[in-house]
Amino acid sequence: MRDRVHILLRFLTSPMLRVLSALPAGATLLDVGAGHGLFAALAHASGARRVVAVEPDIRKVRPIAGIDFVIGFDDVISGTFDAISIIDVLYKIPIDEWDALLTRCLARLGPGGVLIVKEQDPTARFKNGWNAVQERIATALHLTLGQAFTYETPALFKARLERLGFVDVCTRRIDFGYPHPHLLCVARR
Ligand SMILES: C[S@@+](CC[C@H](N)C(=O)[O-])C[C@H]1O[C@@H](n2cnc3c(N)ncnc32)[C@H](O)[C@@H]1O
């Protein structure tokens, strides 16, 4: 019951369907830091060919029909995918570890594969202030693993992905109607 409430709140407060629109039709997907599996479930429902979700917090992982839901970090997964999603996860990881994770993702994408990252835009000062308060409460209550709280500006994050070898990198705000400054970044291998 608690999980369902959490998933519903997540759905209502996060523009998951706008993120989902970046997923190519019929793709195979790896969702890194999948939480309770909301995005993975939406991807499966929207017709993804295969969905693997990986999440290190054992409290959040449970069977979901049509999804391979695995406990662990991204490095427990092998094989390649048409798409990899990382949704509101990077900010929980120390910034000096981002390149390594993103490089592993690049290696796990097939040719032309799509990286889908959702974070928050730190340049949106008012909305990001509200986000910071909420995240500090969630971290203090141990609702989410990870102590880091790091965001990168859209321009710097785009430059980071290009430096790592991603192409066609696009960032855009998808927060219209939401209190948080949701930022979507899509890039290709
Ligand atoms: C805010 S939640 C987002 C969950 C899910 N992606 C969603 O959008 O609903 C952040 C998730 O990142 C996970 N996480 C923390 N550190 C991680 C890491 N190093 N690698 C992968 N996931 C991590 C946490 O366990 C948590 O479930």
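This is a guided tour of a predicted model, one selection at a time.

Residue numbers start from 1 along each chain as its sequence is written. Because the model is predicted, local features need pLDDT of at least 70 and side-chain atom pairs count only at pLDDT 80 or more, while totals for chains, interfaces and linings use all residues.

**Stop 1: the sheet.** Show the strands. Helices (H or I, at least four residues) and strands (E, at least two) are DSSP runs, numbered from the N terminus. Two strands pair if DSSP finds at least two bridges between them.

**Stop 2: strand 5.** Select residues 109–120. Nine of the twelve residues in strand 5 are buried. Buried means 20 or more other C-beta atoms within 10 Å of the residue's own, exposed means 12 or fewer, and partly exposed lies in between; C-beta atoms are placed from the backbone. On one side, strand 5 pairs with strand 4 (residues 81–87), parallel, over six bridges. Find Ala 83 opposite Val 114 there. Strand 5 also pairs with strand 7 (residues 182–188), antiparallel, over seven bridges. Here Leu 115 faces Ala 187.

With strand 4 and strand 5, helix 4 makes a right-handed β-α-β unit. Right-handed means that, with the strands pointing away from the viewer, the path from the first strand over the helix to the second runs clockwise.

Stop 3: Strand 6 and strand 7 run antiparallel, joined by five bridges. Arg 172 has Leu 184 of strand 7 as its bridge partner. Next, select helix 6 (residues 154–164). Contact means C-beta atoms, placed from the backbone, within 7 Å.

Stay in strand 6 for Asp 168. Its phi is positive, about 50°, although Asp 168 is not a glycine. Most residues other than glycine have a negative phi. Asp 168 counts as exposed because it has 12 C-beta neighbours inside 10 Å.

**Stop 4: Asp 88.** Move to the loop between strand 4 and helix 4, where Asp 88 sits. Asp 88 also has a positive phi, near 55°. Is Asp 88 buried or exposed? Asp 88 counts as buried, because 20 C-beta neighbours lie inside 10 Å.

**Stop 5: helix 3.** Select residues 38–45. Leu 38, Phe 39, Ala 40, Ala 41 and Ala 43 are buried. The buried residues of helix 3 pack against several elements, including helix 1 (2–13), strand 1 (28–32) and strand 4. Gly 47 follows helix 3, with a positive phi near 105°.

**Stop 6: Thr 150.** Look in the loop between helix 5 (125–140) and helix 6. Thr 150 is partly exposed because 15 other C-beta atoms lie within 10 Å. Beyond neighbours within four places in sequence, Thr 150 is in contact with Tyr 91 and Ile 95.

**Stop 7: the ligand.** Around the ligand are 20 residues, the closest being Gly 33, Gly 35, Asp 57, Ile 87 and Leu 145. A residue is near if its C-beta atom, placed from the backbone, lies within 6 Å.

Key. Two residues are in contact if their C-beta atoms, placed from the backbone, lie within 7 Å.
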